[in-house]
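Here are my comments on the model you asked me to look over, arranged as numbered points. Please read them with the structure open beside the text.

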Amino acid sequence: MTPLSFDMIEKNIGALRLVDQPIETAAGLPNDAYTSSAFAALERDAVLGRSWTCIGVGHQVANPGDVRPVTLLGLPLILLRDMDGEIRVFHNVCSHRGMELVTAPCRSKGTLRCPYHSWTYHLNGDLRATPFVGGPGTTDCGGFDKARHGLKPVRSAVWFDAVFVNLSGDAPDFAEFIAPLAERWRDFDASRLRHGGEDSRFQVDVACNWKLAVENYCEAYHLPWIHPGLNSYSRLEDHYNIECDGHFAGQGSLAYRPALNGNADPFPAHPGLPDQWIGAAEYIALFPNVLFGIHADHFYTVCLQPVTVSRTIEHFEIYYFDEEAADADHGKLRQANAAQWLGVFEEDRGVVEGMQRGRASPAFRGGVFSPVMDRPTHCFHKWVASKLTALTNA
Ligand code: FES
Ligand SMILES: [Fe+2]
């Protein structure tokens, strides 16, 4: 830990400890957690970096050779699918002089060439070519060992097509991390997922810290005022809280049946589901930064990409559980479904950005939780605070 980040924890240690009180007396995370760049830098390495953080989905690199640069609070990464179809993540930096290797999504024929001095890497990360490394006309040089200078891999895993990375390399096994959610949603078969295509993908660029997007997703409390449309077919009264300490939080709806284009059952459902899932939904924020929505007929992932301490890009990807739902005949309905979800996330823009602006006020000191309605939000705050207070014991 740098002295700067240690100062940031010391300054906020009292506030962080207040988060881990019973909900009736707890306060939320302090303003620095949403407004301070030093805090964000600490959080990137100590919270996001030590957990399993989502950086995108496999469908963004759908074909062998697809390559996509991704940044996480300025840290440059490459997400790619190698020629064997395997998803891999590397640090997006050339081993020679540290040039950023990939600047835009592209389709590779099997290698990545650095634009600076043309060192070339296999998609498995191996350094393959080093032109003129020993002088003009050479490709080799005494004492220079190519095998030591490949791309630097990042530990990664894929679940329900979401791609997770563990930057520190020492988080518990991914299987252990995902087990509670995998168990909760065991009725769903991830191999059935079919991405809805280009019109089932959108981004919402919001002027707020990534945690506010998580917190807003954790609660149904705001439905009547912010989402009157959604609240008409999935009412606040039909929702329940979801809390799994240390893992995820969110809400479920016992009644989700929108009439898309006048059709109440627009897509074929996942076969063989228990009755409890028919006309129902669950919305879960898996800590730290990915939001999932699951329904009998469709599933979505919202990967929250922290860009700066006060800017987040929400990457929305919609999938269906039946081949037929992804066919041409369902194109208009898929568009209507995507438009419906985009509308909901746009409705949330005002509140997540308003909470961000509110955190410039010294009169706000973490706020207060409704002991009934805000339990999932408190669950997330406790998780973040615990990661930070643990540093003082390290
Ligand atoms: S910096 Fe990449 S080849 Fe020199
Ligand atoms: Fe909302």
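The points below treat the domains, then a sheet, and then the packing of helices in this predicted model.

1. The chain is divided into two parts, with domain 1 covering residues 54–157 and domain 2 covering residues 190–384. Taken over C-alpha atoms, the centres of domain 1 and domain 2 are separated by 34 Å.

2. Where the domains touch, seven residues of domain 1 are in contact with eight residues of domain 2. On the side of domain 1 that touches domain 2, the most is given by strand β1 (residues 53–57), which contributes four residues. By class, that side of domain 1 holds five nonpolar and two polar residues, and no charged residue.

3. Four strands form an open sheet, and reading across it gives the order β4-β3-β2-β5, with antiparallel pairing. The edges are taken by β4 (87–91) and β5 (106–107), each of which pairs on one side only.

4. Turning to the helices, helix α5 (residues 210–218) packs against helix α8 (residues 331–358) at an angle of about 130°, and their axes are 10 Å apart. Because of that angle, α5 is described as oblique to α8. The crossing in which α5 passes α8 is right-handed.

5. Which residues make the contact of α5 with α8? From α5 come Leu212, Ala213 and Asn216, and these meet Asp348, Val351, Val352, Met355 and Gln356 in α8. Sorted by class, this contact of α5 with α8 has five nonpolar residues, two polar residues and one charged residue.

6. Helix α5 also packs with helix α9 (residues 375–393), here at an angle of about 145° and with the axes 8 Å apart. As for its handedness, the crossing of α5 and α9 is right-handed.

7. The contact of α5 with α9 is made by Lys211, Val214, Glu215 and Cys218 on the α5 side, and by Pro376, Thr377, Phe380 and Val384 on the α9 side. In this contact of α5 with α9, five residues are nonpolar, one is polar and two are charged.

Note on methods
Residues numbered from 1 in each chain as written. Chains lettered and ligands numbered in written order. Predicted model: local features only at pLDDT ≥ 70, side-chain atom pairs only at ≥ 80, totals over all residues. Domains from an automatic or database assignment. Contact = placed C-beta atoms within 7 Å. Helix = DSSP H or I, 4+ residues; strand = E, 2+ residues; numbered from the N terminus. Nonpolar A, V, L, I, M, F, W, Y, C, P; charged D, E, K, R; others polar. Axes fitted to C-alpha atoms, helices over the stretch in contact; angles between N-to-C directions. Parallel < 35°, antiparallel > 145°, perpendicular 65-115°, else oblique. Left-handed = near helix turned anticlockwise from the far one by under 90°. Pairing = 2+ DSSP bridges.
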